[in-house]
Structures are given as structure tokens and as C-alpha cells.
Amino acid sequence: MDIDEQTALVAGGAHGLGALAARHLSDIGADVTILDQDGATARHLAAEISGYSQACNLAEAESVAVGVTAAMARFGQAPRIIVNCAHTPGPQRLLDPDLDVHADAFRQAVEHNLIGAYHLMAYGGQAMANLPRLANGERGVIVNVTSLGAGIDTTCRAVSDLGQLAATEYLSRGIRMVTLEAGRFLSPLGQSEDPIMTQGLLAELPFERQLGQAHQFTDMLESILKNPFLNGAVVRLDGGISTAGT
């Protein structure tokens, strides 16, 4: 897909990888809508990139439906590009070292990450399916960006599985589905938000002991969007940390 002059929607686009995606898509010519629970930061970023923003809670179906509809109203058509970078970390153990249970945190992660991804794929796909096909036959692309925790956070793994099922369903409609499992990246300012965790992660890396650079994420995202033969795939971009020790 030629990204220039296409409409794009980035969920979780106010911070982190979502903000990188929103800025990059705008830089290469897309009209970008940012959906994020942090409405104030989303508005600020949208103003910087001449885009549009809508406060949105992915866990609520109505909120997502309104967000997609608002994006369509702002730019005159449904988004051909949807990038879901919204992620709430969940508990990584059934029991913590003190044998405490964190059921509420797990439920919140499931609602926001998995059910939220479902809402975005369903309402976004519904709108996208009514777009005219491009010259190559596709109508659009949906990319779910999950975190390094895909190996231990069940919600991330479930989002990947859901994306692969959706790819089969949406294939005949000309909509591609790809999951991008992203590792630990430097913030836009070039600093890690968690130096202690970063030090531990770097020690586990089997290759270059550094965090991902912003351009490495955006280059991969752009490549996914532009490659019409990439569908139903789970792409890992984590410097090998997911295979460390194997």
C-alpha cells in the first residue's frame, strides 16, 4: 500500500511506540487519527502532526465505535491503516513471590488488551470493509503491536492468536492482519523509562546489548504496511531477547 494520502488510525498513539507510529505515518503522508485514554496528550500530539484525536477506552465497545466514526467524519472515509499500540501490562505470574493473587490486574489487562483489540479489529474492520479496493485489491491493513511480554503475558499471546484468526476471516474482504511483537525500545528522547529493568534485559540479549532504536520500529511498521503479501503473520522485533537462553 502506498501510505501517502491514506487515512490512518493509531490506538494508544499518545505515548511510546504509538506516538512513534503516529508521527512516522504523518511524516510519510498519512492523515492520522489518534485514539487514546489520555485525551489531553493525544490532542497535543495530533496538533503537532496536523492530525485528529479522540479520547477512547478500547475496553468499551461504544467508545471504540465512536472513535472510528469520528475518524471517518474528520477525514471523509474509513481508515485504510489501523495500528493498535495500546497495551496495559498484566501480572506475569499467577502468584507473586509473596503468594499474592492479582486477579483484578489480570482482568484489567484482558479487558484492555484482548477485548480492546477485538473491538478495534471488529469496528475498524467493519468500516474498512466498505472502502473501495485499491489497485492491488486490498482495502486496508490492521497491525496489532504487542509487547515483549508476549512470551509470558497471556493477553499478548491471545492478541496474536486473534489476529491470525481475523486474517483468515478478512482475507476475502481485502483486509490484511499482522501482529508485530515488539521488544524494548528507547523512548523518543533516547532514554529508557526503567534503567533497572533495562540493565536486566540487556544482560539477557544474545546479540547486540542495546535497546531498539525508534527508526527500527517505524521501518518495520512501514515495511509491513507496504508489503501486500504479508498477512496473518506474527513478526518479532526484539533483538532476540525472546529466544535468550534457548
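Predicted model: local features only at pLDDT ≥ 70, side-chain atom pairs only at ≥ 80, totals over all residues.
Two packed helices are described by the angle between their axes and the distance between the axes. For helix α1 (residues 16-27) and helix α7 (residues 214-226), the axes come within 10 Å and cross at roughly 60°. The arrangement is therefore oblique, and the crossing of α1 past α7 is right-handed. On the α1 side, the contact is formed by Leu17, Leu20, Ala21, His24 and Leu25, which meet Ala214, Phe217, Thr218, Leu221, Glu222 and Leu225 of α7. By residue class, this contact of α1 with α7 comprises 8 nonpolar, 2 polar and 1 charged residues.

Across the whole structure, a search returns 1 aromatic pair. Phe185 is located in the loop between β6 (175-182) and α6 (195-204), whereas Phe217 belongs to helix α7, so the pair ties together parts that are 32 residues apart in sequence. Both Phe185 and Phe217 are buried.

A further site considered is Ser63, which is placed in helix α3 (residues 61-75). The relative accessible area of Ser63 is 15%, so this residue is classed as buried, the cut-off being under 20%. When residues up to four places away in sequence are not counted, Ser63 touches Ala55, Cys56 and Asn57.

Note on methods: Residues numbered from 1 in each chain as written. Heavy atoms only, no water. Axes fitted to C-alpha atoms, helices over the stretch in contact; angles between N-to-C directions. Helix = DSSP H or I, 4+ residues; strand = E, 2+ residues; numbered from the N terminus. Parallel < 35°, antiparallel > 145°, perpendicular 65-115°, else oblique. Left-handed = near helix turned anticlockwise from the far one by under 90°. Contact = heavy atoms within 4.5 Å. Nonpolar A, V, L, I, M, F, W, Y, C, P; charged D, E, K, R; others polar. Phe/Tyr/Trp six-rings, centres within 6.5 Å; stacked < 30°, edge-to-face > 60°. Buried < 20%, exposed > 50% of the residue type's maximum accessible area, 1.4 Å probe, protein only.
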